[in-house]
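Thanks for asking me to go through this model with you.

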Amino acid sequence: MMWRSGLAALLSHWRRKPLQLAMLLLGLSLATGLWSAVQAINGEARASYARAAAVLGQDRLASLARADGARFDQQLFVTLRRNGWLVSPVVEGEKRYGEQRVKIIGIDPLTLPPVARQIDVMAAEGGLGAFIAPPGLFFVSAETARRLAGHAAPPLRIVDSLPAGTALTDIGIAQDILGVGPRLSRLLLPPDQLIDRAALSILAPELEVRTPAAESDLSRLTDSFHLNLTAFGFLAFAVGLFIVHAAIGLAFEQRRPVFRTLRALGLPARALTLLLVAELSVFALIAGFAGVVLGYWIASLLLPDVAASLRGLYGAEVPGSLSIRPAVWLAGVAISVAGTFLSAGRGLWQVSRMTLLAPAQPRAWARASERHMRLQAIAGAALLAGALLLAHFGTGLAAGFALLAAMLLGAALLLPLLLSWLIAGGARVSSSALGEWFWADTRQQLPGLSLALMALLLALATNIGVGTMVSSFRLTFVGWLDQRLTSELYVTARTEEEAAALRNWLSPRSDAVLPIWSTEGQIANQQVQIFGILDHATYREKWPLLTADPQVWDFVAQGKALMVNEQLARRLSLRLGADVTLPGGHRLPVAGIFSDYGNPKGQVILGNDTLVRFYPDIGRLRYAVRIDPEKAGKLREDLLTAFGLPAQNVVDQASIKSFSLKIFERTFAVTAALNVLTLAVAGLAILSSLLTLAGMRLPQLAPVWAMGLTRRHLAALELARSVSLAALTLLLAIPAGLGLAWVLLAVINVEAFGWRLPLYVFPADWALLGALSLAAAGAAALLPALRLLNLRPAVLLKVFAHER
Amino acid sequence: MSVRAFLIYLFLAVPALAQGFAGLGTDAEGFAVPQPGSAIIFPRDHGPHPEYRIEWWYLTANLKGADGEDYGVQWTLFRSALAPQEKAGWDSPQLWMGHAAVTSATSHFVAERMSRGGIGQAGVTAEPFAAWIDDWRMASSAAGGVDQISKIDLSASGKEFSYKLKLDAQRPPVLQGQQGYSVKSAEGQASFYYSQPFYAVSGTLSLPGGDVAVEGQAWLDHEWSSQPLAPSQTGWDWFSFHLESGEKLMGFRLRDETGGFTSATWIAPDGTPEPQPPAALAVTPLETETVAGREVPTRWRVELPAKGFRVETRALNPEAWMATQVSYWEGPVRFEGTHAGRGYIEMTGYD
């Protein structure tokens with residue numbers, strides 16, 4: 001009975017203040033939601049990497065492949081089998097179906113080791129015959145099947161076990177589709193081999209054993225991306241907790257009389273605390289549940305863009321749809337509960353030791369405390385100093401993120417003191433008594449608002465930092481595209497014969513036909529692309545060199561040197577003049593380093609003759625064509641008619657550029673979305689803090705009102721106060737944001753992608769952001785101001801009548 | 001011995017089964033159908049016949065080791081075609097499967113290999129005769145112009161065993177049925193079928209315990225056809241016997257609901273075949289044992305009254321289960337009664 005009445009008394013508060021309850025639940029669900037969204041996205045991506053790693057059991061099976069990764073004659077497979085090596089052939093490659101790239105994996109179901117059997121060929125409709133006889137079958141995930149709909153692919157069979165963007169088919173079918181002839185990519189080597197067999201070095205000296213990859217390349221490559229998202233998730237959660245903290249703090253303050261009455265009626269302090277814990281737990285569970293639902297919704301909106309980013313940046317395939325993971329649900333609800341009690345800890349502690357005679361009147365819940373602010377500022381300064389040290393001595397992605405966290409947190413902790421100084425400055429320059437009261441009162445409010453303002457600072461700084469990074473990146477990227485994509489047309493032949501015919505046909509009709517021939521191989525365990533280029537003005541004039549020997553083009557053309565892209569140079573610590581050992585043991589010095597944004601792989605550029613000399617059996621299908629831009633369209637049409645090429649085999653410069661930019665935009669769409677959401681949460685934090693304060697400020701406002709200031713005037717002042725606090729915060733957020741941008745561009749990007757970008761500032765963006773945040777602060781202050789405006793004078797009078 | 005078609009169909013013709021087993025019994029879907037009167041010509045017909053659906057080269061050997069122990073060896077290459085043609089490359093509709101085994105009184109080692117046609121991993125050539133899959137080989141060591149299967153080098157390997165044997169036959173191959181046209185059922189299903197049951201064998205088995213020199217006898221069957229069996233048949237028991245008196249006996253029983261169908265060929269010591277009428281042979285299981293979780297007969301009474309033949313068999317190793325994708329029992333036996341000798345028994349459909 002006692003419990004029930006106690007609980008009813010406590011809950012009645014929320015009935016009278018539904019807005020406060022809404023704020024509490026909203027803050028908690030938002031915080032949980034953003035965090036869960038990031039978890040759901042990461043979970044989906046990781047699951048798909050695991051699926052990719054498990055394809056053909058390559059996480060458990062060793063394989064045989066050429067050292068340079070190139071395909072080899074399938075006769076080697078027969079030779080090895082006929083000498084007792086129980087190997088199974090695999091051919092891999094990429095095929096474009098319209099806009100869709102599909103990784104084709106060809107297998108031989110008869111020799112495939114059981115551990116690599118992800119699909120049951122025999123059990124599928126049509127059985128083995130349908131699988132191996134042309135047109136064959138594609139085993140794909142439901143996602144891939146959707147992407148391939150309407151394209152001229154073999155009949156599809158849908159299975160769950162394959163990653164998106166991968167098609168498993170018969171080896172002969174795959175060789176035909178990829179146009180690679182009787183060549184194989186690798187041989188699976190199961191552990192159960194005959195003991196007595198000839199050595200690999202005698203049978204197939206060009207092949208080497210590769211041990212199974214314990215961790216997939218994809219999960220390593222994409223680690224930085226996911227770390228990035230996780231950091232964003234935590235930031236959003238932290239900002240959300242500010243709201244929760246404000247709402248819970250207010251509720252506790254306003255219910256002090258209730259607490260006292262309940263205690264006076266005989267409810268033990270323990271029971272009261274337990275009731276409050278129960279109440280908060282229920283709220284946390286409800287909000288946590290709602291938050292996870294919200295998180296899934298946000299994640300499902302963001303995932304297509306994330307998937308596009310991962311595909312564009314790393315070639316990693318992640319399905320565009322989410323599956324529901326119990327781990328995300330549990331974690332979401334758990335973090336909601338944890339966040340609630342983190343925010344309510346102080347309040348609960350106070351209630352548990354509240355004496356019966358404690359004042360019932362709500363008092364300013366956080367009183368001005370210079371000392372407290374100083375301590376905070378010292379901690380903040382220490383964090384900033386730590387950030388400086390990290391920037392100087394730290395290496396690696398983790399250090400980069402630690403630097404980010406230290407910098408942002410340090411700036412946030414310093415904020416109240418800096419604001420208080422700025423306000424003191426304001427007070428000094430104001431001449432009227434009202435002005436002095438305004439500034440003094442603002443300063444008085446600062447502790448109560450400081451948490452919300454810190455949240456705003458974090459959100460603004462993140463916004464400025466990330467915005468600056470993205471805009472700098474875009475500016476650099478567009479300039480780089482102009483340098484890199486100089487040719488008017490890019491043509492891909494379907495066969496070597498067609499390529500030869502194309503060359504002959506194009507020569508008299510264009511200014512130049514430049515081969516884009518390439519192979520892939522390994523340099524110091526890094527998978528790299530090796531391109532050849534002709535000595536041509538196209539490259540000499542425009543190529544985006546970062547640093548180079550003055551004679552770089554002569555050296556490359558003469559086969560005396562090579563160029564590497566920035567990411568390869570960084571990964572292998574290559575400087576000009578350093579020797580690089582190419583696949584096949586060829587050694588050449590580096591004469592130039594060029595920028596290569598958006599490419600996850602290292603790249604080497606040789607003179608075309610050198611490339612052909614080193615790797616005589618490369619594919620010679622791709623060409624860049626130089627021609628008067630006005631005639632490019634006509635030439636493209638002629639080319640398509642003359643050779644009957646599919647449209648995607650002849651691409652003009654503009655389409656490649658727009659395609660690249662599209663990938664770029666999608667890459668940062670997620671970042672932008674999380675940015676906006678974080679800012680929205682910060683706005684809510686301010687609103688909820690102001691609502692908290694408004695109720696407590698009557699004792700401060702009543703005397704001013706009594707001295708003759710109208711309520712209208714007071715409300716206007718309140719509004720002005722909020723806006724000016726937001727403006728001051730924005731002012732301080734700009735240096736913090738620029739610092740953040742610098743860390744992102746010069747530390748995180750270099751670690752994550754291997755390229756360093758120049759920092760450009762975009763004050764116009766800040767102005768927009770400033771206007772937005774002032775509007776948000778103004779809107780947040782509007783509700784309390786309106787309340788003040790409509791306050792009955794009797795309420796103000798009561799302040800004097802009641803004993804405090 | 002077209003009953004063995006059943007075995008290969010169980011494995012490779014799953015799609016065909018899905019399309020309807022009954023249809024396959026009557027028409028061969030574009031595949032060639034054995035016709036009476038078409039002569040078997042050597043060496044050409046030692047090679048593969050891709051226009052027929054199924055084919056095998058099936059060798060079993062009863063051996064005696066230098067250690068005094070009895071051993072049995074099996075080497076089989078099956079061909080199954082998805083379409084009646086051969087093509088180069090992975091497009092080939094020809095599929096190959098190899099089974100090899102070594103059996104002693106205490107052990108039974110099995111290995112299995114699979115391959116596509118068209119790429120060279122497995123295949124058969126007529127002259128010089130060679131049949132292979134991976135590192136397993138059954139290849140002629142006879143000179144050109146001589147009966148290609150009169151001298152054979154045979155090898156196979158598994159994880160725990162390998163063997164290298166030399167086979168030598170002093171008589172020509174034995175044509176089964178009417179000059180190699182072997183009728184299998186009242187409905188007229190038939191195969192082309194010849195055997196070489198007269199091999200003398202010597203060589204070495206490599207077993208986990210070490211190498212063993214062996215000598216003995218071997219029996220090779222080569223058979224090709226296109227028509228599978230009736231769906232009512234649940235399995236078969238097949239017998240190949242080397243009699244100490246020099247004769248050979250091949251017989252089988254097809255099991256179905258009505259008690260089964262038996263057939264046999266008596267081969268004189270000079271190689272003259274005497275096909276026996278249906279039901280002349282009687283086989284009776286005397287004892288069953290649990291092998292690989294199945295009840296399998298391990299002792300048989302085999303009677304061919306027309307030849308005064310009545311023996312009881314005893315398996316060298318009752319555990320001679322072929323745990324391959326399609327599993328069956330195949331192992332060496334000794335028999336006693338009116339005649340004594342040794343041979344091989346194959347039993348399928350005991351699942």
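1. What is the strand order in the open sheet of four strands in chain A? Please bear in mind throughout that this is a predicted model. The order is S12-S20-S11-S21, and the pairing is antiparallel. Strands S12 (512-515) and S21 (650-652) of chain A are the edges, each pairing on one side only. From one strand to the next, the twist averages 25 degrees.

2. Let's stay with that sheet for a moment. Strand S11 (residues 489-492) of chain A runs antiparallel to S21(A), and three bridges join them. If you want a pair to click on, A:Val491 stands opposite A:Val650 in S21(A). Helix H20 (residues 629-643) of chain A lies across S11 and S21 of chain A, and its direction makes an angle of about 170 degrees with S21(A).

3. Next, have a look at A:Phe614, which belongs to helix H19 (residues 608-614) of chain A. Is this residue buried or exposed? A:Phe614 counts as buried because 21 other C-beta atoms lie within 10 Å, where the cut-off for burial is 20 or more. Leaving aside residues up to four places away in sequence, A:Phe614 touches A:Leu582, A:Gly584 and A:His586. A:Pro583 is 31 residues from A:Phe614 in sequence, with 9.0 Å between their C-alpha atoms.

4. Strand S5 (residues 122-125) of chain B pairs with strand S6 (residues 130-133) of chain B in the antiparallel sense, over four bridges. The two are joined by a hairpin through four residues, and B:Val124 has B:Ala131 in S6(B) as its bridge partner.

5. S6(B) also pairs with strand S7 (residues 136-140) of chain B, again antiparallel and over four bridges. How many residues lie between S6(B) and S7(B) in their hairpin? There are two, and B:Asp134 in the turn has a positive phi of about 55 degrees. Here the bridge partner of B:Ile133 is B:Trp136 in S7(B).

6. Now for the two chains together. Contacts between them involve 25 residues of chain A and 20 residues of chain B. On the chain A side, helices H3 (75-82), H4 (127-132) and H6 (171-178) are the elements that give two or more residues. H4(A) gives the most, with four residues. By class, this side of chain A has 10 nonpolar, nine polar and six charged residues.

7. Finally, some overall figures for each chain. Chain A has 25 helices and 21 strands, while chain B has three helices and 23 strands. Of the 804 residues in chain A, 44% are buried; for the 351 residues of chain B, the figure is 52%. Among contacts between residues at least 6 apart in sequence, those joining residues at least 24 apart make up 83% in chain A and 55% in chain B.

Notes
Residues are numbered from 1 along each chain as its sequence is written. Chains are lettered from A and ligands numbered from 1 in the order in which they are written. This is a predicted model: local features need pLDDT of at least 70, side-chain atom pairs count only at pLDDT 80 or more; totals for chains, interfaces and linings use all residues. Two residues are in contact if their C-beta atoms, placed from the backbone, lie within 7 Å. Ala, Val, Leu, Ile, Met, Phe, Trp, Tyr, Cys and Pro count as nonpolar, Asp, Glu, Lys and Arg as charged, and the others, Gly among them, as polar. Two strands pair if DSSP finds at least two bridges between them. A residue is buried if 20 or more other C-beta atoms lie within 10 Å of its own, exposed if 12 or fewer, and partly exposed in between; C-beta atoms are placed from the backbone. Axes are lines fitted to C-alpha atoms, for helices over the stretch in contact, and angles run from 0 to 180 degrees between N-to-C directions.
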